[in-house]
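Please read these notes with the model open beside you.

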Amino acid sequence: MSAGALLRPRRHNPGCGRGVSPSPRGAQVARRRTTKAPMSLVLPNASIKEMARTPLDEKTFQRFCELIYEKAGIKLGEGKQSLVDARLGKRMRKLGIKSFRDYLHLVEQDNSGDELVELLDAISTNTTHFFRESSHFERLRTLLQTWEAAGQKRFRIWCAASSTGEEPYTIAMTVREALRDVQDVRILATDISTKVLRLASQGVYTRQQVSSIPAALVSKYFQRHQTHHLDEPHFAANDELRSLLTFARLNLATPPYAMKGPFDVIMCRNVMIYFDNVIRAGLLAQCERLLRPGGYLIVGHAESLSGMLTSLQRIEPSVYAKR
Ligand SMILES: C[S@@+](CC[C@H](N)C(=O)[O-])C[C@H]1O[C@@H](n2cnc3c(N)ncnc32)[C@H](O)[C@@H]1O
């Protein structure tokens, strides 16, 4: 499986599932064209501060929900109106737009799909941290060591909703710690949000963010990073980790995905909760296709495949194997 094959862009769905070409050494994220709001919708900065937004009416909220579901599979239901109001409101302030209807119109009229990307960036929930649900990394370590002991030399891992990078860098640390030979290891990290992918590819974290990493691993795999625009010291993932990683945009709601696999392990954690069973079924079918026989799918602790049609075998809660 070449990295190029993994990341082939999907052309028929503007704004969703665009891929990137990976650099030979790790993290690179697609550059986007900057979205410009139509001039008639842009206000000078001074007016933006003063302006009041018109409230998000029910009909416009419903249309946003439909659009977000159609493009990203994210199910926003009742009770999410204030979330949509706050998150899209922020984007609208940046553009100088004060009516949600005008913003909806802008997204729908933007044939480039760029504003749709911005909308999805604004709406997605990106909560994550290093070593989140740590038993999964214990499981990963054991699998890698068992496979290496059996003579396996090539390892492919996919982190399917990588957010700001804490999960894929945790995978990379686990790989480095577990394996004696990492010459043929690739970790593909994907997400729908270009904003989080940019941060993930930078791989720079605050002291607070790295506090969930054991101190010995911080010393081993992160460098202190001080630049004049950051007032407190930050920690940058070093090349040992970065060289294992490729970041790309991928929309899990638009199967089939443009990669061939096979993967030894797919970590698809804490993203299925945002989908309904239709989107989950498509995602699951793709995971089954992309795993090698004997490979593992790991989902979030709060997620389960029970009730879903799948040939994957449940090993323990949130851990499944392809037989
Ligand atoms: C709560 S975070 C989980 C991050 C990480 N997997 C973890 O467990 O810590 C959910 C991530 O899923 C991404 N996401 C939401 N919808 C998606 C979609 N349709 N395709 C790909 N990623 C999506 C969001 O952008 C966000 O970064």
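1. Alanine 189 sits opposite phenylalanine 247 of strand 6. The two strands involved are strand 2 (residues 184-191) and strand 6, which run parallel and share five bridges. Two strands count as paired if DSSP finds at least two bridges between them. Helices (H or I, at least four residues) and strands (E, at least two) are DSSP runs, numbered from the N terminus.

2. This is a predicted model: local features need pLDDT of at least 70, side-chain atom pairs count only at pLDDT 80 or more, and totals for chains, interfaces and linings use all residues. Residues are numbered from 1 along each chain as its sequence is written.

3. Strand 8 (residues 291-299) pairs with strand 10 (residues 319-321) in the antiparallel sense, over three bridges. There, isoleucine 298 has valine 319 of strand 10 as its bridge partner.

4. A residue is buried if 20 or more other C-beta atoms lie within 10 Å of its own, exposed if 12 or fewer, and partly exposed in between, with C-beta atoms placed from the backbone.

5. Glutamine 313 counts as exposed because it has 10 C-beta neighbours inside 10 Å. Leaving aside residues up to four places away in sequence, glutamine 313 touches Tyr320, Ala321 and Arg323. A contact means C-beta atoms, placed from the backbone, within 7 Å. Glutamine 313 and arginine 323 are 7.2 Å apart, C-alpha to C-alpha, and ten residues apart in sequence.

6. A second open sheet has three strands in the order 3-5-4, paired antiparallel. Strand 3 (204-206) and strand 4 (222-225) are its edges, each pairing on one side only. The twist from one strand to the next averages 35°. Strand 4 and strand 5 (residues 234-237) share four bridges. Arginine 224 stands opposite phenylalanine 235 in strand 5.

7. Now the helices. In helix 5 (residues 100-109), the buried residues include Phe100, Tyr103, Leu104 and Val107. These lie on the same side of helix 5 because they cover an arc of only 100° around the axis. The arc is that of the directions from the helix axis to the C-beta atoms. Their cover includes helix 3 (58-72), helix 4 (81-95) and helix 6 (114-123).

8. Helix 4 buries Val84, Leu88, Met92 and Leu95. These residues pack against helix 3, helix 5 and helix 6. Helix 4 also bends by about 25° at glycine 89. The bend is the angle between axes fitted to the seven residues ending there and the seven starting there. Glycine 96 follows helix 4, with a positive phi near 75°.

9. Some backbone values deserve a check. Most residues other than glycine have a negative phi, and most peptide bonds are trans. Two bonds are listed here as cis: proline 255 to proline 256, with omega near 0°, and glycine 261 to proline 262, with omega about -5°. Proline 256 is in the loop between strand 6 and strand 7 (263-268), and proline 262 lies in the loop between strand 6 and strand 7.

10. Glutamate 133 has a positive phi of about 55°. Glutamate 133 is in the loop between helix 6 and helix 7 (135-149) and is partly exposed, with 18 other C-beta atoms within 10 Å. Serine 318 has a positive phi near 75°. Serine 318 is in the loop between strand 9 and strand 10 and counts as buried, with 20 C-beta neighbours inside 10 Å.

Methods. Two residues are in contact if their C-beta atoms, placed from the backbone, lie within 7 Å. Axes are lines fitted to C-alpha atoms, for helices over the stretch in contact, and angles run from 0 to 180 degrees between N-to-C directions.
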